[in-house]
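Hi,

Here is the model I promised to pass on.

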Amino acid sequence: MNHNKVDQYRRQFLAQATAVAGVSLASGVILNTVHAKPADQAASSKNRWGILIDANKCGTGCNKCVSACHEEHGVPTLGKPATDAQWIRKVKLTDKQTGHVQSIPMMCQHCANPPCVDVCPTNASMKRADGVVLVDKHACIGCRYCMMACPYNARSFVHEKTTEQKYPRGKGTVESCTLCVRRIDDPNGPYDPACVEACNAEGHRAMWFGDLKDPNSEISGRLKQYGGEQIRSDLGLNTGIRYQNLT
Amino acid sequence: MFLNNKIIALMVALVLPVVVQADSLLPEPPKAKKKYSEKTQCVESVEEMRKNHMSYILHQRDETLRKGIRTKQYSLKECINCHNAPAEDGKVARTGESEHFCSTCHIYAAVQIDCFSCHSDKPANTQYRHKLSLQDTSYHLNVATQNLTSDTLELLASDTKEGQQ
């Protein structure tokens, strides 16, 4: 028993020591803090926000990113799967040959060339300078062309009247993942989006949020070192959400 | 002359009660809980705000949504936070009720607004991030200080057991 404990402590010590080494070795990478955007400054094209998702670390059956997102934005589940809004969902991928199962979160991929923006008749579907793709619900007429144009099925239409919303959302407009734009704009931020935060808290640590244009950001470092895939890269949309270890 | 006086007296008698009554029906929007500045009280002078509040909000909404500029001065959220704060018993007026700051005048003027079909009509939680973020630790900056998760500990325990067998 004692022996076990010693062993465990040793492992814990080693794990932490390695972690410390990781931090100090990569101090230029990890500790390079992103400067918060002052409230009176516009989002800049010097940044491009994105998320990197490691499919191997994402837990099959874990739904924390989805529930965190929907809780944060007050997106209700009304028990109507055909019409309930979905800002993020889990997708199960099964390799028929080997039976290998993977599960990944799927949401707005924040394309650099977003088809939803191309087709929008009122310019409601828009991309911010820092790459975040949003719906301007003031201009949205609810035609849902963007939903048809999106190859990722990332957008939802609000069918029901909203009363207890935590984030502006209303009947008759289209909505989707905002990359937690309020957290990005927070004068003390940018903070990780709710999904990333939930994933880390759950211990999966399958998601990294950061600035793809900053060569010193952790996400850029990881992408440079290990590479990353875009889903439907053949469409040439240059997505801000990248995946690793998809099989 | 006599006739004229009589008519005037009659008109005064008829009109006066109406004027008095109309006066009491004027909307009385709830006072803000705090002042933006001592000089202007609200974010602009009261006269200016009564006349042009819609232009300020309209301008700000595009700045915020499309550019990410989130200054508080002309933000609709701050209007609500200050003018429609909960009463002492915790009750908050909802849109459409005459006690709601915006509805008070808009009911009177019969101008229908649709701001609150999307926006919240009551003060937003200032800590808008859901409860997880109370820990307020970004994992990536705290690798070394993170405690091992229960999963890891279980794994460690099972590892050592296997090692003994």
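One term before the rest: two residues are in contact if their C-beta atoms, placed from the backbone, lie within 7 Å. By that rule, C195(A) touches C65(A), A68(A), C69(A), I88(A), P105(A) and M207(A), leaving aside residues up to four places away in sequence.

Some housekeeping. This is a predicted model, where local features need pLDDT of at least 70 and side-chain atom pairs count only at pLDDT 80 or more, while totals for chains, interfaces and linings use all residues. Residues are numbered from 1 along each chain as its sequence is written, and chains are lettered from A and ligands numbered from 1 in the order in which they are written.

Now chain A. It has eight helices and nine strands (DSSP runs numbered from the N terminus: H or I of at least four residues for helices, E of at least two for strands). Buried residues make up 40% of its 247 residues. Buried here is 20 or more other C-beta atoms within 10 Å of a residue's own, exposed is 12 or fewer, and partly exposed is in between, with C-beta atoms placed from the backbone. Of the chain A contacts between residues at least 6 apart in sequence, 61% join residues at least 24 apart.

What sits in the core? Its largest nonpolar core has 50 residues, and I51(A), I53(A), C65(A), C69(A), I88(A), C195(A) and M207(A) touch the most other members. (A nonpolar core is a set of buried Ala, Val, Leu, Ile, Met, Phe, Trp, Tyr and Cys residues joined through C-beta atoms within 7 Å.) Elements giving two or more residues to this core include β1, α3 (64-73), β8 and β9 of chain A, and α7(A) gives the most, with five. A second, separate core of five residues includes L76(B), C79(B), I80(B) and F116(B).

Next, a sheet. Three strands of chain A make an open sheet with mixed pairing, in the order β8-β1-β9; strands count as paired if DSSP finds at least two bridges between them. β8 and β9 (241-244) of chain A are at the edges with a single partner strand each, so one side of each has no neighbour in the sheet. From one strand to the next, the twist averages 20° (axes are lines fitted to C-alpha atoms, for helices over the stretch in contact, and angles run from 0 to 180 degrees between N-to-C directions). Helix α8 (residues 218-226) of chain A packs on this sheet, touching β1, β8 and β9 of chain A, and its direction makes about 110° with that of β8(A).

β1 (residues 49-54) and β8(A) run antiparallel, with five bridges. G50(A) stands opposite G210(A), and L52(A) has W208(A) as its bridge partner. In β8 (residues 207-211) of chain A, five of five residues are buried.

Over to chain B. K72(B) lies in the loop between α2 (46-67) and α3 (76-83) of chain B, and it counts as partly exposed because it has 14 C-beta neighbours inside 10 Å.

Finally, confidence: pLDDT is the predictor's confidence in each residue, from 0 to 100. Chain B has a mean of 73, with 63% of its residues at 70 or more. Over residues 133-148 of chain B the pLDDT is below 50, and it stays under 50 over residues 159-165 of chain B. The model scores ipTM 0.77 and pTM 0.76.

Cheers
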